[in-house]
Structures are given as C-alpha cells and as structure tokens.
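Please consult the sequence and the structure shown below alongside the text.

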2 protein chains.
Amino acid sequence: MKAIPTIKDVARMAGVSISTVSRVMNKSPKISPGTSNKVMDIIRQLNYEPNNIARSLSRKKTNTIGVILEDIGNPFFAEIAKGVEETLKKNKYSMFLTNTNFEEELELKLTNLLLSNKVDGIIISPINDRSKSLEILKKRGVPFFLVNCRTLAEKFNWVTTDNVRGGYLATKYLIDLGYKRIMHIKGADDQPSKDKFRGFKKAVIEGKLRMSEQVVIDSKAKTSKDGINIMENYIRQKGIEGLPGAIFAVNDDVALGVLQVFSKKGVRVPEEVSLVGYDDIDIASYLFLTTVRQEKYKMGEIAASELISEMESGESYITKQLLMEPKLIVRNSCKLLT
Amino acid sequence: MKAIPTIKDVARMAGVSISTVSRVMNKSPKISPGTSNKVMDIIRQLNYEPNNIARSLSRKKTNTIGVILEDIGNPFFAEIAKGVEETLKKNKYSMFLTNTNFEEELELKLTNLLLSNKVDGIIISPINDRSKSLEILKKRGVPFFLVNCRTLAEKFNWVTTDNVRGGYLATKYLIDLGYKRIMHIKGADDQPSKDKFRGFKKAVIEGKLRMSEQVVIDSKAKTSKDGINIMENYIRQKGIEGLPGAIFAVNDDVALGVLQVFSKKGVRVPEEVSLVGYDDIDIASYLFLTTVRQEKYKMGEIAASELISEMESGESYITKQLLMEPKLIVRNSCKLLT
DNA sequence: TTGTACGCGTTATCAA
DNA sequence: TTGATAACGCGTACAA
C-alpha cells in the first residue's frame, strides 16, 4: 500500500523509539552519529516527511502567517503579497493568503478562519481602521501588523505610505501646472483615501484656491470599473465641456477606468485633460500615467519582517508605526496650462 | 488570563462531557435541545472557536486545497486564483496559495510543503508537463488537478485552453490582414507555449507561407521585462527597418514589454507594426491590444469544482481533460496591409 | 544517548 | 441522549 509513513513506521523499521526519530528530524545534538545515520537511511528510504499538522499541534506553533488583503487581483496588493511572501520564506514561515474583496463581513470571517487555523501572526490590510477584525485580533492577543493603513485611535502596529503627503504632491503638481479647478475622485472611507483627500485639501488651500471651486467626487472608488462608472456618469450629466482641466484619482486602477472612458469619448490626455493617479502599478508606466509611487513590495517586506521580529522577540510593548515616503512620478498624462 | 478556550473549558463550564460539546459544534442530531442550548451559551460566552489544527489531525482532513501557480503578480494567474478561491469558498474549503516564480526547484519545495501540511488536494499550474512535482503528486496519491497545462504522456486531470487553436487564430488573423512575414516571440518550453507555436506553424503552412521566412524568436519569454529585453536586443541588432510588419507575442505581458520599447523608439502601433498578444488580461483592453482571450477565472472555477467533485465522490478512475475554446479579441493594434 | 509516557485539541467508537 | 476513552502524529520532560 502507499499509506503515508509516519514517525512510528520509521521508528519501527529503524528499531528505535519514536522520540529518537523525532530528535533526528529536529537535529537534536544529543544523538549518536550511528543511530542518526541509521534513522536517516530509513527516512530517505520511506520518503518520510513529518506531518505538519501534528507537529503544529504539539509545538503550539504553525510557522504560518495569515495575510488578509483586499484584492489580490489588484497589482497593488499583489506586490505587497509578494514582498510579504519572500520575506516569510526567508524566515521559514509560510503564508496563508486570503482576500476580502473589500467586504467587511468576509474580512471578519477570514480573520476567524485564520485564528482557527492557529496562524502565528497576521498581516492585514483592513477595510477601514475601525474594522471589527482589528478588535478581535487585539482581544485574542495574536501578533498582527497592519499594512496600508494607519490607525489614529488605537496603538496598533502598522506600515503605510504617508498618503497625506502623497495626495499633497499630486495636487500641488497640478496646481503648479496652472490648474485652478481640479477634480478629485475620492475613495472609500479607508484611512489611505481619507489621507489622500486631506493632502488634496492642503495643497488647494496652500495654493490659495478655494475648496468650493474644486470638483470633489464623493465616490467610494476602488477599481477601474468604478472609474468607468463615475466618469461615464459625470459626462452624462455635465457633458465633456463640464470636465475640469485636471483630475487626481484616488488610485491608478480608477485612473485607468477614467482613461478608458476618455479614449472611448475621444477626450485626449493630456491635451484636453490632465490626469494623475496613485500607487504606480506596472501598467501606469505603459500608459505614461503620472502618478504617486508607493513602495508596495517594500511595504510587504517591512510588515513581514517587523511582525516576525516582534513575534520572535516577544517585544509587544513597543508600538511600531512606520510611515513611508511617497514619490511623484512624472510621466506624460499632464500638461502645462498655457 | 486570555488563554484561548478549548473544548475542555467549554465542557467543564457547561457541566457536560467534551463529546457533548463536540456534538453540539458539529450539529449532531442526537442531542437534546436543552443541553444544546446550555452548551451554546457557554460557547458564545467564552467566544470559543474550535482549533482547526486539532480537528484536522483527528478527522484526517484539513478542508484546505493547495494551489501552486507560477506568478500571482501576473493578472493572468491572479484571475485563475480568484476563480479557484471563490469556488472553494462556496464548498467550505480554504485555499493555500503559493507561487513558484517559474522556478522548478521552488515548485518542488512548495509541493512538499503542501503535502506536509496535509492539504486535501492540489491545483497546480506546473512549470512544464514533465515536472518532478507531478510525479510526486501521482506517487503520493493526493487528488490533484492541472490548470493551464495539458499532459500528453500522462493521464492526469487538467483544464486548459486549446492553445494550438489560439495560436492559430492569432496568426491566421495577421495573415488574413496581408502579412507574409510574421514574428513570433516564443515562450518557454511549457505546454501552452509549445501549443501556441504549433498553432502558429499551422496557420503559416495553411496560408501557403514558408516557416523559413518567418521570424521566430527562440526566447523563453514570460514577463513584460522579457518582452523589453527581447525587443531591445532585436532592434539593436537588426534596426527598426529589420522589424517585420506583424508580431505575435506569446502572451500579453510580453506584448506590453514590446509596446513599451516601441513607444520609446517611436515605432507606432499599428501604423508601422501590427501586434497580437495572448490571454486578454485587463490591461490589454486599456491599450487596445488585439489578443486571444482565455477564460482565466472560469478555468480556476472549473479546476476547483472538478477537483472537489473528484475528491468527494472518490471517482479517481475517470480522467478529466478539459479543453476550453479561445477567442480572438480584435481591438486596435493591427492594421490591414494595403 | 535513548526510551517511556504524557500532552496538544479534536473526533469517533463503543458502552451505558 | 450522553460519557469514557482511544486514536490522530508528533514533541518533550523525565527517567533510565
């Protein structure tokens, strides 16, 4: 039969006790080279691999980190995931990746799923900073690290981009180009979106413009589909003439949707409308989209390594809140107003 | 203390045996409403959640499916992953997602990792159809399903697109447009790439053209970076004048790289060169890239549901090999030769 | 250096 | 309808 061999089988065939086999597997120092070799032979012969489930139960440690992201289909999150995964791998952890699809209820379910699966820690990009999942994590005492979200009320650990600054950079760039009436396509009420809007306002005020003259689209834009809907709607209502000269979209994906609509309607970028995105996902460079770069991969790396170092040192009394610097990437989607 | 409660704690507090608690958790029918309620109260009060690790060990079933893809950063695979995940979720399974980064050695490691973690089944997009991982899976007797790969020698279960047909469609389209000299940027020696090339040849021969007059780039192209390198190299050697009028790239990502180089060098698409990609990832539509569509999400769905149905019925004596029809999506990256 | 025996948190079998 | 109790596969304190 091809029953999967257990530690027992190895022990029996090698004529030793299971503890000895266990010691060999874990490279315990107190083991004679003789028995070690004998056991190793059988292990290879049987192709024995320890059962991680049993091992985890006994060790009370799974060596697995749960990762909760909002949408792995989005390159922004995919990059974060990659950064996390590579870092975990280097530290002998595996990753249990899930995504919430921006659904709060699902986020909660996944959190509990990961908890049930006894992951050693969790990295989460929460739907918003007052998410129920965070409360649960806190209460359970599981080590966790937020990514792409800062919390104001709670002293959680997190790493994110300084999105106020990012929003400011994008907007100031447009203002410096000469635009006085700028559209901002807002995101949902997650912290990054709120921060970008804050940056937007800051630049507007600093530029001696009036917020009331800006076109703030109070959407909950997230995806390119949202971008399409929003822009189609806007044009249907106000017409192409109603379009301001410049647009700052909450993220690249949304900006892509806008571009899509524009090319269908024959609105030329940047000749007729200037457009700035956010994130700097790969596609942005192909489309020559001016945008604000976030170091996504790096962000994943940091979250993972910080979480691990917290877990392994047990230093839970230090709150780590890391703010990364965004960078304006100027390409070809904006023009100087003459 | 905030020690996580176990079934024992619940039992003690409810004044019943652990078997009773277990029965309540699993909604066993033979349980009186009275005790059930009593136990449920305690469960809620303690916020008890069963330990999935222990449960899996006892049940000899983890309700988890391992998924091995080549690159989740690539939207093509990300879409497959989404299809898999949603389907699994509907069937009360979770997904353990990993990616090999196109590295054979890593693929092997991950396969063993998933096996150690006792996943109930595996969905894999192997690096090639003779991959060592597949042998192992077969030997272990774990249910598994290939995605985006068909096997000729082995009777494995798989779902993939008819890539011979896809390659044929792309090439024939270019030939019908009037091109007699076409460049094909080949992929690695995975089955899909080989099939696309086969389709390419078929269309060439059927079109009464000669293979020797076609420009076959014998690359192992996978990513947009590969596309960039290949095209820069080509232009450096043969110059822009050396470019054929039409190109069929092994996938959209590679085509994107080509586009990138073209726009830098001022080569206009489709005015000077016609370009066809493969996959129809989201970006393709934004860039008006003519391409061959694969139903990625659907492919993931199918793999997951077929795998589950095999696992749950135990019908391992029936080999499932599913070929999906590709579709040519004509957009704006090719022009009729006049 | 090796073995015995118990524990990890569940499920499942068998009695009661 | 309930409760003991033996698995599940492994790690480990303790004894030898």
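**DNA contacts and strand pairing**

In this predicted model, a polar side-chain atom of A:Ser22 is placed 2.9 Å from a phosphate oxygen of DNA strand D. Chain B also takes part, with a polar side-chain atom of B:Thr35 lying 2.9 Å from a phosphate oxygen of DNA strand D.

**Surface near DNA strand D**

- DNA strand D is surrounded by 25 residues, and the closest are A:Ile7, A:Tyr48, A:Ser58, B:Thr20 and B:Arg23.
- Of the atoms of DNA strand D that come within 4 Å of the protein, 64% belong to sugar and phosphate.
- A further phosphate oxygen contact involves A:Asn26, which has a polar side-chain atom 3.4 Å from DNA strand D.
- Helices H2 (18–25) and H4 (52–59) of chain A, and helices H2 (18–25) and H4 (52–59) of chain B, each contribute at least two residues to this surface.
- H4(A) contributes the most, with four residues.

**Strand E3 of chain B and its partners**

- In strand E3 (residues 121–124) of chain B, B:Gly121 and B:Ile123 point one way and B:Ile122 and B:Ile124 the other way; all are buried.
- Strand E1 (residues 64–69) of chain B runs parallel to E3(B), joined by four bridges, and B:Val67 has B:Ile123 as its bridge partner in E3(B).
- Strand E4 (residues 144–147) of chain B pairs with E3(B) in the parallel sense over three bridges, and B:Phe144 is the bridge partner of B:Ile122.
- E3(B), helix H7 (residues 132–140) of chain B and E4(B) form a right-handed β-α-β unit.

Conventions. Residues numbered from 1 in each chain as written. Chains lettered and ligands numbered in written order. Predicted model: local features only at pLDDT ≥ 70, side-chain atom pairs only at ≥ 80, totals over all residues. Heavy atoms only, no water. Near = heavy atom within 4 Å. Polar contact = N/O pair within 3.5 Å; in protein donor to acceptor, adjacent residues only side chain to side chain. Buried < 20%, exposed > 50% of the residue type's maximum accessible area, 1.4 Å probe, protein only. Pairing = 2+ DSSP bridges. Right-handed = clockwise from strand over helix to strand, strands pointing away.
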